[in-house]
Amino acid sequence: MADDLLTVRSSDHGLTLALWRVLADPDPAVRARATPLLEQPREGHGPRVSG
């Protein structure tokens, strides 16, 4: 289910809704599925800050 939710990220609000649902899941394995997406640089954001 997490993978299906994360595929809707191409819509205007899909990413926000999918991340909210996946990150709110009580199962750590489901929450972990969002990690690769959270680690991707987002267009329009500056460089990652260490620390």
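## Ala-32 and helix α3

Ala-32 lies in helix α3, which covers residues 28-32. Helices here are DSSP runs of H or I with at least four residues, strands are runs of E with at least two, and both are numbered from the N terminus. Ala-32 has 42% relative accessibility and counts as partly exposed; buried means under 20% relative accessible area, exposed over 50%, and partly exposed in between (1.4 Å probe, protein chains only). Its C-alpha atom is 8.6 Å from that of Val-22, a residue 10 positions away along the chain.

## Basis of the model

The model is predicted: local features need pLDDT of at least 70 and side-chain atom pairs pLDDT 80 or more, while totals for chains, interfaces and linings use all residues. Residues are numbered from 1 along each chain as its sequence is written, and side-chain values use heavy atoms, without hydrogens and water.

## Overall fold and surface

The protein has 4 helices and 0 strands, in the order α-α-α-α along the sequence. It contains 51 residues, and 20% of them count as buried.

Of the contacts (heavy atoms within 4.5 Å) between residues at least 6 apart in sequence, 24% join residues at least 24 apart. The accessible surface is about 4,200 Å², with 57% belonging to carbon and sulfur atoms; the areas come from the Shrake-Rupley method with a 1.4 Å probe.

## Salt bridge

The count is 1 salt bridge, defined as a side-chain nitrogen of Lys or Arg within 4 Å of a carboxyl oxygen of Asp or Glu. Arg-21 and Asp-25 form a salt bridge through their side chains, at 2.8 Å from N to O. Arg-21 is partly exposed at 27% relative accessibility, whereas Asp-25 is buried at 11%.
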